[in-house]
Amino acid sequence: MSNKVIYAIYNDDDILMDAVKKTKAAHHHIEEVFTPFPVHGLDKAMGLAPTRLAICAFIYGLLGLAFGTWMMDYIMIQDWPQDIGGKPSFSYIDNMPAFVPIMFEETVFFAAHLMVITFYMRSKLWPFKVAENPDVRTTDDHFLMEVAVNDNEDELISFFQNTGAVEVKVIVKN
Amino acid sequence: MYTFSSKLKTFSFVLMAVGLLGIGYGFLTAPKDLQEVEKIIASETHGGHGEAKHEVSVPAGEVHAEIGKTNEVKEAAEHKEHTEHVLHQLQNKPWASLYVACIFFMLLSMGVLAFYAIQQVAQAGWSPVLFRVMQGITAYLPVGSVIFFIILVVCGLNIFHSNSLFIWLDPEVVAHDKIIANKSGYLNFPFWIIRAAIFLIGWNLYRYFSRKNCLAQDQASDDLNYKKNFKMSAAFLVFFIVTESIMSWDWIMSIDPHWSSTLFGWYVFASFFVSGITTIALISLYLKSKGYLENVNTSHIHDLAKFMFGFSVFWTYLWFSQFMLIWYANIPEEITYFVTRIQLYNLPFFGAVVMNFLFPILILINTDFKRITWILVMAGTVILLGHYIDFFNMIMPGTVGDRWFIGISEIASVLFFLGLFIYVVFTALTKAPLLPKRNPFIEESKHFHY
């Protein structure tokens with residue numbers, strides 16, 4: 001089986017949205033869409049599953065809260081319960097208000113940073129990563145839809161030419 | 001046009017009637033003189049209080065006879081002082097519960113008015129479909145202000161010789177209290193009541209003219225009324241933030257005239273602002289469920305829910321900032337405020353944090369939940385009850401001390417004002433179409449989705 005794909009290139013996000021909807025309706029499998037900026041509603045039109053990043057962030061936040069609580073409890077109450085300026089170090093709850101700023105910041109710190117790292121890992125982004133850019137114009141002012149070809153090359157080409165594409169290319173991927 | 005359902009109308013009348021009966025009961029059962037208080041104290045402690053003290057003063061021998069006598073005299077004086085103190089607290093109780101409910105509902109509609117003004121000035125594109133709901137809720141403001149002002153006058157002139165909610169209004173107290181005497185340039189009846197009148201009149205004038213212009217805009221052929229409202233709202237917000245701060249000193253903080261806090265005004269604001277937004281959400285959900293708000297979709301509700309969530313956190317931030325700064329420094333003249341609350345009001349004091357922070361933050365953090373009616377109604381109810389408790393915590397310790405209880409007078413006062421609130425608000429909603437016609441942002445608002 002050949003591994004051919006079609007690059008349908010558009011120069012307007014509204015036309016792209018229409019093309020995506022038509023492609024979905026015609027049951028052609030969209031491999032990927034490349035856009036220079038976020039197109040509102042594109043994920044819905046493509047039928048992508050909603051992100052679970054927020055759920056991750058919530059769990060990371062709880063982790064941070066637990067870490068902050070454990071850290072302050074171990075250091076200030078268990079390990080060396082010193083009298084510092086008359087603050088009550090008898091139990092965690094006695095001195096809790098003083099620890100709240102730390103607990104809060106740890107929560108935010110864990111939630112934010114771990115969520116960002118999760119995002120990088122899930123979207124496979126890192127400093128020396130080779131860019132997967134099919135056409136340099138997609139970072140500036142063009143939109144590109146990539147669709148797999150299954151022995152229906154001519155049909156697909158004419159289909160995409162009818163969706164308002166400014167350019168339709170067939171590429172052999174290796 | 002909205003029609004006030006007869007069921008809801010009957011319901012509001014029932015609430016008012018039950019409330020009035022309960023309020024009356026509260027006033028009638030409050031003790032009138034020292035003898036009644038003696039009986040109450042005796043029945044509560046079974047003499048334990050007196051006995052415990054007496055043991056100390058039992059003379060061990062003849063040598064101690066003299067000391068015993070002076071102790072007994074001292075004890076008698078102390079006992080009388082204690083009884084008088086309890087009498088004041090018990091007499092304050094029906095007044096304080098009326099005052100808490102009255103100021104809560106009045107400020108709640110004030111919170112809605114502030115939110116409304118902010119929406120006007122911010123030229124928000126989502127909220128114009130809710131303007132008439134907000135105007136309906138603020139219709140309670142004139143009614144609530146009149147009742148509130150009457151209560152202030154009754155307290156101030158000590159009509160009926162009935163209560164001491166504001167102890168600095170008693171010349172006897174001022175004469176013997178240097179701290180209060182030093183504040184009398186600010187805390188004196190004429191100045192206090194004139195300030196109250198100016199604030200209430202100012203807020204009501206804005207409400208009146210803003211609604212009038214909004215209705216006139218429906219019939220107009222240009223945007224002149226809209227622009228007038230924009231300018232007026234901006235001016236009102238400046239007036240509001242100044243008067244709101246002073247209002248919180250005058251009507252709430254001066255109940256504890258020995259104590260002061262700089263962020264108190266913001267704290268009070270956060271409390272009634274989030275209650276106001278919650279009320280907008282609840283009433284919009286009610287009207288929508290009855291089919292009156294066809295242009296309000298789940299995105300509008302979602303936005304309100306986000307505001308409920310955000311301002312619940314904001315309230316907590318201020319609650320904690322005020323508490324933690326005073327707790328940390330532990331300066332005696334400031335810390336007594338929280339000592340009283342933690343020792344005598346432990347459950348309401350920390351319960352308010354659970355209801356106003358922990359519950360909303362866990363429920364309303366979820367995007368999907370912010371669109372589900374029953375979850376919002378549940379969260380909204382908890383938030384409103386929580387902020388009632390918050391006002392309770394601010395006012396009760398300084399007026400009734402350890403004699404607090406959420407009993408007949410407290411619940412009845414809330415029911416009375418709730419009934420009045422429902423009656424006034426839903427009557428006002430019938431007076432104008434629920435959709436503003438020629439607001440420049442109305443089309444955007446109708447099609448708002450998030």
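Predicted model: local features only at pLDDT ≥ 70, side-chain atom pairs only at ≥ 80, totals over all residues.
Local features are taken at pLDDT of at least 70 and side-chain atom pairs at pLDDT 80 or more, while totals for chains, interfaces and linings use all residues. Residues are numbered from 1 along each chain as its sequence is written, chains are lettered from A and ligands numbered from 1 in the order in which they are written, and side-chain values use heavy atoms, with hydrogens and water left out.

View 1. Strand S3 of chain A spans residues 143–148; strands (E, at least two residues) and helices (H or I, at least four residues) are DSSP runs, numbered from the N terminus. Six of the six residues of S3(A) are buried, so the strand is largely enclosed by the rest of the structure. Here buried means under 20% relative accessible area, exposed over 50%, and partly exposed in between, with a 1.4 Å probe and protein chains only. One side of S3(A) carries Phe143(A), Met145(A) and Val147(A), and the other carries Leu144(A), Glu146(A) and Ala148(A); both faces are covered.

**View 2. Strand partners of S3 in chain A.** Two strands are taken to pair if DSSP finds at least two bridges between them. Strand S1 of chain A (residues 4–10) runs antiparallel to S3(A) and is joined to it by six bridges. Within this pairing, Ile6(A) has Val147(A) as its bridge partner. Strand S2 of chain A (residues 30–34) is also antiparallel to S3(A), with four bridges between them. In S3(A), Leu144(A) is the residue opposite Phe34(A).

View 3. A salt bridge is a side-chain nitrogen of Lys or Arg within 4 Å of a carboxyl oxygen of Asp or Glu. Over all chains, the whole structure holds 15 salt bridges. Asp135(A) forms one with Arg137(A), at 2.8 Å from N to O, and another with Lys169(A), at 3.5 Å from N to O. Asp135(A) lies in the loop between helix H4 (96–122) and S3 of chain A, and Lys169(A) in strand S4 (residues 167–172) of chain A, so this pair ties together parts that are 34 residues apart in sequence. Asp135(A) is buried at 9% relative accessible area, whereas Arg137(A) is partly exposed at 26% and Lys169(A) is partly exposed at 27%.

View 4. Asp250(B) forms a salt bridge with Arg195(B), the closest N and O atoms being 2.5 Å apart. Asp250(B) belongs to helix H10 of chain B and Arg195(B) to helix H9 (residues 189–219) of chain B, so the pair ties together parts that are 55 residues apart in sequence. Helix H10 of chain B covers residues 224–251. Both Asp250(B) and Arg195(B) are buried, and the relative accessible area of Asp250(B) is 0%. Beyond its neighbours within four places in sequence, Asp250(B) is in contact (heavy atoms within 4.5 Å) with Phe166(B), Tyr186(B), Trp192(B), Arg195(B) and Phe199(B).

**View 5. The interface between chain B and chain A.** Eight residues of chain B and 10 residues of chain A take part in the contact. About 640 Å² is buried between the two chains, 83% of it from carbon and sulfur atoms; buried area is the accessible area (1.4 Å probe) that two parts lose on being put together, summed over both. Phe320(B), Trp327(B) and Tyr328(B) supply 61% of the area that chain B buries against chain A, more than any other three residues. Helix H12 of chain B (residues 298–329) gives the largest share of the side of chain B that touches chain A, with five residues. That side divides into seven nonpolar residues, one polar and no charged. In this classification, Ala, Val, Leu, Ile, Met, Phe, Trp, Tyr, Cys and Pro count as nonpolar, Asp, Glu, Lys and Arg as charged, and the others, Gly among them, as polar.

**View 6. Gln322(B) and its surroundings.** Gln322(B) is located in helix H12 of chain B. At 5% relative accessibility, Gln322(B) is buried. With neighbours within four places in sequence left aside, Gln322(B) is in contact with Trp259(B), Ser261(B), Leu263(B), Phe264(B), Tyr267(B) and Phe338(B).
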